[in-house]
Amino acid sequence: MDQKQIDDVVTATAQAYDAARPQAVASRHASGHLTARERIAALCDPESFMELGVQAESAPNAPGSAPADGVVTGAGRIDGRSVLVASYDYTVYKGTQSRLNQGKLERLMFLALEHRWPFICFADGEGDRAQELRGAFGGLGGMGGASGRVGLFDGLCELSGWVPTVAVVSGTSLDGNAAIAMFCDFVVATAGSMIGTVEGQFTVEAHEQMGDIDLVVADEPSAIAAVRKYLSYLMCDLPSGEPSPESETIRSLVPDNRRRAYDMRKVVLALADEGSVFELRPNWGTSMITSLVRMDGRSVGMFGNQPMSRLAGAIDSDASDKMARFLEFCDAYDIPLVSLIDSPGFYIGPEAERAGIARHHIRTLTAIHHRTVPLYCVQLRKAYGLGPVVMRGSGGHEPPDLRLAWPTVETGGMSLEGAAYLVRRKEILAAKSPAEALAIRDEYANTVRDMQSGLRAGRNFSFDEVIDPAETRDRIIAMLRLSPRPQRTGKKNYLDTI
Amino acid sequence: MDQKLIDEVLAARARAYDEARPEVVARVHANGKLTARERIAALLDPGSAVEYGVLSGRGESDWVQTTGGVDFLGTVHGQSVVASSTDFTDRGGGYGAGRLGRLLALANEHRWPVVLFTEGGGSRAVVPESAGGRFLSIAGQNGLPHGIFEGMAELAGWVPTAAMVSGPSFAGHATMAAFCDFIVATRGSSIGMGGPPMVEAGFGTRLTPHELGGVEMHEQIGGIELLVDDEPAAIAAVRKYLSYYQDRPSGAAAPAANSIRSIVPNSGPYDMHQVIQALADVDSVFELRPNWATAVITAFGRMGGRSVGFLANQPLSPNGGAINSDAANKIARFVQLCDAYEFPIVSLIDTPGFTVKLPGVALKPQDEQRAERPGVTRHHARPLRALHHRTVPLYSVQVRRAYGLGAAAMAGVGNARSVPALRLAWPTVELGVNDKYTQGFDDIVDPAETRERIIAVMRLTKRSLERATKKRPRDPW
């Protein structure tokens, strides 16, 4: 072969790499970003990334003007496990989407589907490439055939519930790029980034308040670390894990005064392996905490009511969607669940009703009923109304695998204070002062509470055992060891996105 | 057998019937309502009702009739159903008999639709039967209600479920209604997670049930499928809703079909309802959630006798048919519903794409356009996922516009799964740079041919409700 032919290929290809594009690299660094290739290098294990389509370019008359056609795509490894990565290059036509570079993502869809390799996309970019004219009749997203069985968006649908899909939004993500982000199962964004259309955008912080973002972090290195950590829970269990220093404090987390709030995050920290807590959507639906954690190395989905939230642990529409989605997600990936219960039940009142809680809450009941992963429940304090049903299932056909309670547990069909308004209504209405009315209420509530709380809840077999909080971690781990993670050959269900 | 023993049972049972309590019946009628038993009688085909659990147990000296509600098997349009009504006149209504859990298990086994009339304030603060001395239940070990929530969860996406809410329906009663695929409510009724006493205990505010959770409010936020004037209208709606679970051998076009060429202008708004009326069999269109997320129309209907789900953009809506997150949810849930019960989907597309509501802006429908801007949220991915995973046939007609991912949210994007059975467009279709996610078309057709084209392809595919298992629990929202 003519050496020149070879040299031409090598030289031309090299023009696509960062080393040949100092100006583009400098402009990215100047704006506080990594280049498209630096992000991939930081995400993947060293030397593991294998690029597909570096020479692709949709400007045949101006070779070299659109390196990799604006998106770097390929396969690599994270913690030794195979993944697929796409990274839009903002220095090439602002990371816009062309027919050709869409084809590059479609190839990744095909490979992800074929091999069950997680898909990660750095999704900044400004949507349609205006420089490119498209023909009518025969859109590029739907045709799909050029690069594989599926197009980009039906590919993301097909992967749902079977292959993890992850988006990183750092910078500006518009139109088609934004859609990729919103169509992935896990979205991490850097602070101040924007999502929207050419006509208008919202900050990722605003989208976080709509439940659209799983995690907002300070910068790209943090986002990349978050992606690696997130995928670790889905891709592997570890052989073992150590308790955290916080586990020493577990007996002191629930206050003596039953009306005082406490931070359920501390309970999560005390039960999980050291350094293993990864919370999803921490700033949305805040009365419910959803975290991926490890217990003795096993990946576990821990969800719990948050007494230290505006709603004091009551479940509103957002918290309900957050919990249901988390259950569906853990179920899809065979991640066992731990439920930490201390809730007055679903959120009530005019505000809650206007947000549709009376219909939304059903999704949680349906999700917990249809789960097939083990569920280990720990009731720390109260669970009134539908609280126990939603946090541990209604009990007949799909009861929890373990029902533990702490000595502070109290049970009842409805809020005992609320029940007082039904049972002792006449006396309360006849009370001479608000203080007297409250006294009647509390007297009733306390009497009933004493009848069905603490050790009594164990004696009437509402729980498998009322235990010392310090035993909780070991009890759950012992059950986990009895139930190994199953191998699956097909997906159970697709996941809803929100 | 001792005649006295038999008479005792018959007498106890007679006490449960309306004839034995004329004052209660008069009071219910004075409120413009039907009794629990009258509702069931109006719902079921004449002569088909079989009651379960007239008696609940044995008291000190006599048999005791069931209180709080009635549970039946019967038929609607000849189709077996489970029907249950709470009895609000009896201490606020309850699921005291414990029979409903059993009937839900039977519904699950036989795939019988379930109809619930829910009215009441949730679980009772005291257990009534045990309050009056010795009582032996005949329902089972302890006679307590069990398994109704679990029963309903199991049915989700497997058997059709419908609820009528007339009067206040709070807590457990709201939950039972909300489990259903279809909720019809009568004006002035209310639905809520916690009733006035709970809200008073929690917040110190005293509200009427209607102030707390009026169904007129729920209609605006998507909490119910249909709002009607009174109980007869609600019962008729339930019967009509259930009728779509059976196909008919044939069906005639509506008179509106004759005007189908003149509905769509080259530009500007028009009413997509007219297109649906022109495509569907005469008098067959039954719209769900008509006053929520009005940019999208979701309706059951028939074409050539076959039941179908119509999914359509509404250019006449305040935002011109743009799909915001509510509309996305409305589509996704409707697609799941159609898929679960094997309704083919007819999708009529004319949308400027996705919009996002500005955060924190309280919306009245007329403000929608002002309070939105183009954008995308996670909600917008829901319809694509549902459409992608459907296994029922889909027939799409692009009437005019399909910008951005709009068409994908109405018909899917897939070639891997969920290939549409037919992709038509009308001569008004807009082709160009904005429609890159449309699938392309099998043909451009004269609007007047559309109905026959769809029916012809539909006849080639069978509708089958004979499945061994459910596909996926459909979401409530």
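Student: What should I know about the model and its numbering before I start?

Tutor: The model is predicted: local features need pLDDT of at least 70, side-chain atom pairs count only at pLDDT 80 or more, and totals for chains, interfaces and linings use all residues. Residues are numbered from 1 along each chain as its sequence is written, while chains are lettered from A and ligands numbered from 1 in the order in which they are written.

Student: How are the domains of chain A laid out?

Tutor: Domain bounds come from an automatic or database domain assignment. For chain A that gives domain 1 (3-234) and domain 2 (244-412 + 452-482). Their centres, taken over C-alpha atoms, are 37 Å apart. Nine residues of domain 1 of chain A are in contact with 14 residues of domain 2 of chain A. On the domain 1 side, helix 9 of chain A gives the most, with four residues.

Student: Why is one side of strand 1 and of strand 11 of chain A left without a neighbour in the sheet?

Tutor: Check pairing first: two strands pair if DSSP finds at least two bridges between them. In chain A, seven strands form an open sheet in the order 1-2-3-4-6-8-11, with mixed pairing. Strand 1 (50-51) and strand 11 (215-217) of chain A stand at the edges with a single partner strand each, so one side of each has no neighbour in the sheet. Strand 1 of chain A pairs with strand 2 (residues 71-78) of chain A in the antiparallel sense, over two bridges. A:Glu51 stands opposite A:Gly74 in strand 2 of chain A.

Student: Which helices pack on these strands?

Tutor: Angles run from 0 to 180 degrees between N-to-C directions, with axes fitted to C-alpha atoms, for helices over the stretch in contact. Helix 3 (residues 36-43) of chain A packs on the sheet and makes about 160° with strand 3 of chain A. Helix 7 (residues 175-183) of chain A runs at about 130° to strand 6 of chain A.

Note on methods: Two residues are in contact if their C-beta atoms, placed from the backbone, lie within 7 Å.
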